[in-house]
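Hello,

Here is the structure we talked about. Please open it first, then read my notes below.

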Amino acid sequence: MRSAGSPPPPSPRNKLRIGIPRVLNLWNTHQFWMGFLTSLGVDPRNVVFSSDTSEEQGRQFGKGRGTVDCCYPVKCISGHYGELVFGQKQKLDVLLSPMIYNLPSFLSGHVAKTLTCPRVMAAPENIKAGFIKEQDAFAEAGIKYVSPFVSLDEPRLVPKQLFAGMREAIPGLTYEETATAADAGFRALREFSDRLRKKSREVLEWCAREDRACLMVIARPYHMDPGIGHEIEVDLQAYGYPILWMQYFPIDADLMDWAFGEDIRAGHIKSAFDIRDVWPSSYSSNTNEILWGAKVAARIPWIACVIRMSSYECGMDQPTYTPVQQIVERSGTLFFSFQDLDSTKPSGSVKIRVETITHYLEKYAAAIISRKKAAAPPGCPLRPAA
Amino acid sequence: MATVATDHYRAYAPRPFTRAERDSTTILFGGLHWRIERILQAVLESSGYRAQILPVATKEDLLTGRETADIGQCCPTSFTTGNLVNFLKKESTGIGVEEVNKKYVYLTAGSCGACRFGQYHASYELALRNTGLEKFRMFLMAQDNLDQNMGDGLDLNLPMTLGCLWGIFCTDLVQDLEYQVRPYEVLPGQTEAVVKESIEYLYQVFRNRPAMSTKRSVLWHLTTPYFARALREVRRKFSAIEVDRLRVKPKVKITGEFYLQTVEGDPNYNIHRWLEAEGAEVYPAAITIWMDYLLRIGLQRFEDYSGIEKHARLKLALGRLAQGTYRLTVNRLRRAMGNLPHETPSQFELRRLAAPYFHRNLDGGEGDMLVGKTLWSYHKKKAHMICELSPYSCMPNTMSIGAMAGVVGRYPEILYAPLEIKGDAEVHALSRCQMILTEAKKRAQREFDDTLQRTRLTEAEVRAYLQAHPEMRKATYLIPHDGTAAGTAAKLVLHVAKRMGR
Ligand code: SF4
Ligand code: SF4
């Protein structure tokens with residue numbers, strides 16, 4: 001917010017520097033924002049994402065800005081805002097922190113809703129309060145703060161919401177170009193997800209061909225942030241086990257039909273992406289995907305182990321602990337959970353647990369795979385030659 | 001370890017509750033306050049069901065809830081799950097698990113939102129499984145539909161739904177008046193007795209509502225003088241209470257998460273009674289306002305889709321009409337109570353006030369309404385202090401409390417007490433509340449003294465005037481609120497001054 005007296009001439013779009021906090025559901029929608037902004041003429045080099053979360057970032061930039069005690073993925077955002085406002089060599093013009101209400105999930109249409117966590121959607125309002133409670137820190141830094149409310153799973157509504165939320169930040173913005181840019185954003189996001197799913201399929205096909213075990217991580221998208229998920233999966237990968245993230249699991253029709261066809265025919269579910277058999281109130285997008293991830297892991301033989309990550313004080317994950325564990329373990333798949341992740345990496349215990357996990361995998365993976373293969377229907381599309 | 005796909009984990013799916021079981025099965029429910037629970041019981045019974053209210057949740061229930069479900073629950077979930085489980089366990093010792101499974105079903109509210117309110121089933125389910133009650137039938141009534149697997153045992157038809165709605169309106173009005181009267185009653189215990197009598201009277205009123213068809217029920221509820229007449233009778237009962245409204249008391253508005261602001265008991269440290277005992281006048285949170293908020297949130301979808309979706313404008317117009325009718329009905333009933341209970345704030349006003357701090361579409365809990373209600377009370381001098389009940393580990397509530405930092409930064413004079421309610425950390429929460437309450441008391445006293453000074457009256461003169469006007473000492477005498485004072489005593493002085501021509 002600039003002082004009312006003499007507004008400086010707006011930067012041309014290609015000069016506009018836009019900062020985006022790399023937090024929460026930005027982790028699974030960042031391609032949308034890049035596609036959207038680029039289509040509006042913003043130079044991608046001028047889109048600045050804050051760094052990965054770290055305690056240092058919080059200390060340096062977020063101190064004294066917190067307004068409430070809650071889960072770390074939300075608490076740490078003050079540090080991200082602070083880094084973008086106070087920690088840039090080249091000043092930003094805009095801080096863009098969307099309030100994402102719902103998500104374009106691959107389960108959309110098969111579940112009740114795809115809402116974000118109430119803390120995720122409201123976090124920008126909460127964090128903003130820490131930057132305006134004494135003085136308006138954004139205005140003082142000459143940064144326009146914009147926080148559009150956006151329902152990313154309702155594409156018809158998105159142009160209206162983004163036009164209303166962004167027109168003060170993007171010079172000369174029109175509704176029509178917002179709509180075109182939103183399309184570009186969705187396209188970019190789709191292409192990115194498709195690419196990653198294709199890669200995951202290659203990994204699975206390799207595992208099937210070689211009869212080798214892989215691991216699946218079931219977590220929220222922001223557990224990919226090294227400061228939130230503490231790279232536990234990287235430690236495991238170092239032992240040579242391929243890692244799949246549930247969010248980017250291949251969803252090709254042949255594979256889905258093989259994995260879920262029996263359940264559909266038995267009337268437990270209506271489609272491969274239906275989770276009513278395990279989770280009737282399917283309102284929350286990331287939660288739905290977590291439950292679905294557990295189901296798919298239970299059905300794919302080469303996923304010998306599931307790693308569940310959860311942040312300390314996560315209210316969304318809490319009711320899912322038992323169902324997820326049960327879904328995975330009932331299928332004979334190994335299940336390990338890192339449940340109370342917070343700001344500091346619990347290095348010692350992670351090391352011990354990683355050793356335990358790899359020990360179990362060495363010992364039991366082959367048996368798990370063969371038992372799961374025996375329980376699976378014939379004609380696995382991952383092994384066309386079989 | 002599973003060897004065949006059919007062994008896969010499946011969620012709890014209760015055996016349906018059938019029509020044939022109606023006469024032999026009791027519907028358990030609870031989790032609100034005793035007044036509305038009693039009336040809901042009347043509505044259920046008058047529709048041909050057996051209904052039983054669960055006891056108010058206790059600390060023991062909290063512990064059971066924590067033990068039987070996954071760790072890290074918000075405290076309302078722990079209280080409610082533990083409450084059900086303990087009740088069922090106790091019953092099972094008497095009549096056995098089999099019989100309990102046959103004899104009872106549990107009906108509770110869920111929601112269509114993403115917070116745990118919408119995921120209660122998981123906690124209940126786990127708690128029931130962990131206590132060997134996995135066959136017990138529990139049904140979640142979401143805000144937009146009834147649990148799909150319920151069966152035809154419970155027919156949530158329109159006459160019954162409207163009965164519940166009108167029950168909420170009436171009990172909200174009674175509760176509101178009760179809290180305005182009790183701190184000032186001359187004869188201790190009289191208000192309590194009148195309220196009990198009034199609720200029992202309303203129980204009969206709702207129990208004996210004429211049976212009617214679905215079609216007729218809407219028109220009947222909207223036009224009948226039946227409920228207004230009943231509330232006039234309640235008002236008559238209250239008029240027997242003599243009050244001394246010159247007792248200077250801070251007015252404390254309760255806001256917060258729905259369950260905690262509604263129940264009265266261990267789950268919220270009995271905060272209503274505690275505040276009263278500490279010398280405050282409590283301004284309770286009406287369920288009517290929460291439902292008005294839900295209506296507003298629902299209609300915002302059509303606002304957003306106007307110009308995008310066919311018929312969105314028409315649906316919005318119809319929705320607004322329904323919301324207008326809702327408010328008109330509440331106001332009509334309030335009039336029957338002599339306009340004594342507080343008015344229902346306009347949702348648009350709350351939304352406008354909250355807008356700079358909290359987006360209107362952020363839902364999942366009470367959203368922008370918490371911020372809006374605080375600012376509304378502050379600007380309109382509706383209360384000296386806000387006591388916001390925030391459940392430990394609640395997701396939406398932590399967010400609006402966080403946003404309140406911006407509000408308090410802008411209006412540092414607001415006395416705002418967000419209390420984290422864990423269920424078993426009473427001393428900590430209450431002492432925090434006590435500190436702010438002390439300040440509120442000072443404010444109420446200052447306001448009273450200033451009002452006397454401004455009106456050039458002494459307390460003795462006001463007392464003498466009241467002595468000469470016995471109707472003004474009745475609990476049902478209306479003292480107008482002109483927005484210049486929040487305290488009841490100060491408002492009374494202003495009113496007396498006006499009557500005396502000062
Ligand atoms: S999903 Fe859990 S960790 Fe994420 S914001 Fe919500 S409560 Fe916090
Ligand atoms: S609103 Fe908060 S306290 Fe209430 S059910 Fe949801 S998470 Fe729990």
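By class, the shell around ligand 1 holds 8 nonpolar, 1 polar and 2 charged residues. Here Ala, Val, Leu, Ile, Met, Phe, Trp, Tyr, Cys and Pro count as nonpolar, Asp, Glu, Lys and Arg as charged, and the others, Gly among them, as polar. A residue is near the ligand if one of its heavy atoms lies within 4 Å of it.

This is a predicted model: local features need pLDDT of at least 70, side-chain atom pairs count only at pLDDT 80 or more, and totals for chains, interfaces and linings use all residues. Residues are numbered from 1 along each chain as its sequence is written, chains are lettered from A and ligands numbered from 1 in the order written, and side-chain values use heavy atoms, without hydrogens and water.

The residues around ligand 1 include C71(A), C117(A), R119(A), R220(A) and C314(A). Domain 1 (13-189) and domain 2 (196-375) of chain A each give the shell at least three residues. Domain bounds come from an automatic or database domain assignment.

Now chain B. Its assignment gives domain 1 (19-156) and domain 2 (242-282 + 365-502). Their centres, taken over C-alpha atoms, are 34 Å apart. In contact (heavy atoms within 4.5 Å) are 20 residues of domain 1 of chain B and 21 residues of domain 2 of chain B.

The rule finds 3 salt bridges across this interface. A salt bridge is a side-chain nitrogen of Lys or Arg within 4 Å of a carboxyl oxygen of Asp or Glu. E264(B) and R35(B) form a salt bridge through their side chains (3.0 Å, N to O).

Best wishes
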